[in-house]
Amino acid sequence: MTVGFPTFTEWLAGHTDQDLAAIRPTALHDVTDVASLRSIDLLLLHAATELDATTYPVTVQDVIETADELLNIAGTPLSRQPHHDDLIVALHKLAAHGFIYGPGWRLNPGQFLDHTPEEAPCTRQLKIAPTVASYFDPATSEAWALADHHRSTIPTADIPTAVDNLPARQRRLLQTLHASGGVGHSASVGPDGDPSAPLPTMVRNGLLDQLDDTTVRLTGRIAQYLENTIISSPGGDFLPTGCPHYALPRPSAAGQLPGDEQPARNEQPAGKDSSSQNTTASAVANAIQTILELTDLLVDLRQHPIEPLTDGGIGLRNLAKSAKRLRIAEADLTSRLTLAIETGLVATGYLAPSNEEFPSPHWGITASGQQFLDSSLADQWAQLLLAWSRSAYAPWNIAHANARAFEPQLFVLAATRARQCFSFCFSTPSSSPSPQSPGPLSPEQTMWRVNPAVAHTATSEMWRDLFSEARSLGLVVGDDPAISAFRLADVLSTPAGTDPTVLFTTLSTSLADLMPAPVSYLIIQSDHTIMAPGLLSPQHAARLRSIAVQESSGMASVWRVTTQAILGAYAEGVTYTELKEFLTEMTPGGWSAVPQSLQYTIADAQRLHNNAAESHVPLHNQTPKYIVASITHPIPAEDEENFWHGEWETILSAVENQRRMDAAEEVGSGASDKETKQPQQQTAGPAAEQEAKTAAKGELSQPLPSQFHTVREIKQALRQALKMGQPVSVRFVQPNGEAVEEVIDVVMAEPARVMGVTVADRAPVQINISQIEWVRPQALP
């Protein structure tokens with residue numbers, strides 16, 4: 001152990017395996033991923049970088065004072081500047097995710113939720129993680145991370161005129177700077193330069209920032225205009241806010257944080273009950289309508305999967321066929337397919353059942369889609385919201401990418417981050433707003449506070465599509481947030497590593513009280529027409545769908561029972577007793593109130609079915625119900641998580657080595673050294689140690705496995721081998737049943753198959769994932 005201030009590795013080694021899971025990379029975040037941070041977090045890291053906190057320890061007071069200086073340089077209005085107590089709370093958040101470290105700072109975010117600012121003295125020292133400082137170089141290409149990125153003397157409304165009216169030479173220089181990354185070098189801006197030259201003139205006019213005697217940088221707000229993205233407010237906005245994977249600290253009785261007087265997100269604000277109730281009712285109605293429409297789509301796709309185009313999209317002819325079956329416009333079908341794909345209900349993959357020797361992928365319903373059909377309304381709504389918040393599909397990029405809808409290049413990480421942050425971009429109304437508090441910002445401007453990396457690339461087209469999807473999902477009504485948006489934000493703010501089942505249950509429970517109760521009866525007429533006067537539960541709707549053809553849909557629906565439909569239900573295993581019990585339960589007055597002609601129809605269909613079964617002559621040509629058993633596109637988020645890659649693997653190795661060195665020092669120095677260790681570094685016993693390892697989803701204190709056997713591990717190992725250029729040994733079963741082992745270089749790793757060449761003779765090889773017994777990484781040559 002280093003004497004004095006610990007190294008980053010020593011600090012990590014002093015945490016439990018459970019705590020280390022806080023910085024585990026996922027599909028959304030890499031280790032110390034600055035792009036996931038809020039503006040207030042970036043401000044503090046920028047300040048620490050200015051103090052060279054990568055090399056030398058600095059105090060909290062030094063960081064806060066430097067942050068104040070950066071805010072003054074940026075020209076941030078006082079109403080958008082954070083209180084010093086907010087900065088201290090944000091420092092705890094940065095430590096909880098491994099961005100800063102030092103004695104007294106902990107990874108576990110739950111350890112400071114009830115702390116007051118006095119518990120983090122301004123004399124406490126810290127350093128920043130080694131990988132962070134590069135983001136805050138003045139000439140960085142990630143200029144959104146800099147606090148002075150928002151500095152500009154030009155009002156937002158005047159920026160288009162100021163740029164468009166530039167002389168031709170200045171305009172060309174501005175465009176050249178923008179195309180080359182925003183940073184340029186010229187002696188003309190130095191002390192001996194000509195003040196009337198184009199670059200010095202643009203510096204004086206607020207179009208460029210001068211970094212040193214020879215370097216200029218395109219002002220951030222001007223760059224945003226040239227990129228056609230949403231321009232930030234002058235001076236920026238650095239107030240604290242909620243964000244994904246970070247639960248805001250609750251004020252304690254001993255010390256309430258300034259500006260934290262507002263109610264919890266899921267409380268109704270005072271004085272707005274009527275408006276809120278109307279908004280909630282409209283949001284619920286929109287969500288239910290979307291659920292019904294998606295149900296119809298899934299039922300159709302289950303029997304009629306769509307063959308994709310070569311590039312992965314959906315052809316116009318197939319789109320027209322599906323729209324005709326569903327009796328809707330093609331534009332409406334595209335909207336429904338977009339939501340279904342974004343929420344993981346529909347994907348491209350290999351279907352089951354399948355008797356084809358060489359099957360081809362199809363767009364079809366996934367296991368999540370089948371779960372959706374079988375779930376309650378609240379569960380369906382929660383499933384849609386959580387899956388949508390993880391979607392990487394960016395329909396707003398279709399024109400820019402010159403692509404068709406649903407092609408692979410339209411699935412990007414930036415879209416996932418935008419949806420994750422969307423529900424945090426709405427201000428929670430306060431029952432007693434402070435006169436000093438700033439007025440509410442638009443969601444587009446609030447995104448600069450929630451996640452500058454997302455806001456930096458956000459276009460008006462992105463916001464248009466996000467709002468359209470959010471309206472369909474019941475998150476917003478018009479442009480106003482519904483209570484469901486705040487409840488989704490509460491769930492998404494849960495720290496990373498929380499069990500997804502817990503998140504789903506929490507959200508579903510909070511949405512259940514918003515949903516109307518399903519109707520418990522049907523109106524059956526003598527012409528075999530059945531009317532549901534309200535919303536049916538998914539189970540009752542599925543049963544009714546098995547014996548009747550839907551003639552109209554909506555909150556109230558109309559169905560017509562046919563002999564052919566009843567025969568289809570019998571062919572699927574439904575019995576006469578089950579149908580009788582269903583109609584008895586749903587008909588006021590019971591079975592005796594069911595029209596006699598319908599009773600006869602059900603009984604006659606049973607006799608026809610039984611006679612056909614005895615003579616082995618089917619009366620009903622049953623269409624198989626297909627499901628995508630192996631998804632090829634889009635790749636599910638959980639399959640994108642690669643826990644054993646690059647930087648994370650390096651950190652694991654360094655932590656384990658440090659632990660061994662610390663253990664050796666303890667043995668050599670005696671028991672007295674053990675007493676000086678922090679309580680968090682001690683192991684409470686075998687049970688506690690195993691629990692921590694389980695929670696971290698990986699046993700960090702054990703060496704990496706030499707072989708990977710599960711499908712998930714195999715996929716991760718193959719993707720890692722592709723990324724690192726590392727050969728792997730693969731044991732797989734050939735079509736003739738013979739098991740072989742080959743050492744290959746991976747060329748392409750897909751969710752359903754891997755392609756490569758053998759190391760021995762460079763022969764091409766293609767292996768289905770389902771045929772692989774195990775994978776073992778080989779040493780690099």
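**Reading a predicted model, feature by feature**

Author: Asp465 is buried, at 14% relative accessible area. Buried means under 20%, exposed over 50%, and partly exposed lies in between (1.4 Å probe, protein chains only).

Reader: What kind of model is this?

Author: It is a predicted model: local features need pLDDT of at least 70, side-chain atom pairs count only at pLDDT 80 or more, and totals for chains, interfaces and linings use all residues. Residues are numbered from 1 along each chain as its sequence is written, and side-chain values use heavy atoms, with hydrogens and water left out.

Reader: What is the mean pLDDT of the chain?

Author: pLDDT is the predictor's confidence in each residue, from 0 to 100. Here the mean is 81, and 81% of the residues reach 70 or more. Over residues 111–120 the pLDDT is below 50. Residues 248–274 stay under 50 too. Where pLDDT is low, the predicted coordinates should not be read in detail.

Reader: Where does His528 lie, and is it buried or exposed?

Author: His528 sits in the loop between E11 and E12. His528 counts as buried because its relative accessibility is 15%. Its backbone deserves a look too. Most residues other than glycine have a negative phi, and most peptide bonds are trans. The phi of His528 is positive, about 70 degrees. Asn402 also has a positive phi, near 50 degrees, but Asn402 is exposed at 71% relative accessibility. The peptide bond from Ala352 to Pro353 is cis, with omega near 0 degrees.

Reader: How many salt bridges are there?

Author: Side chains of opposite charge can pair when their charged atoms come close. The rule is a side-chain nitrogen of Lys or Arg within 4 Å of a carboxyl oxygen of Asp or Glu. The count is 20. Among them, Arg325 and Asp300 have their closest N and O atoms 2.9 Å apart. Arg325 is in helix H11 (316–326) and Asp300 in helix H10 (273–303), so the pair ties together parts 25 residues apart in sequence. Asp465 forms one with Arg464, at 3.1 Å.

Note on methods: Contact = heavy atoms within 4.5 Å. Helix = DSSP H or I, 4+ residues; strand = E, 2+ residues; numbered from the N terminus.
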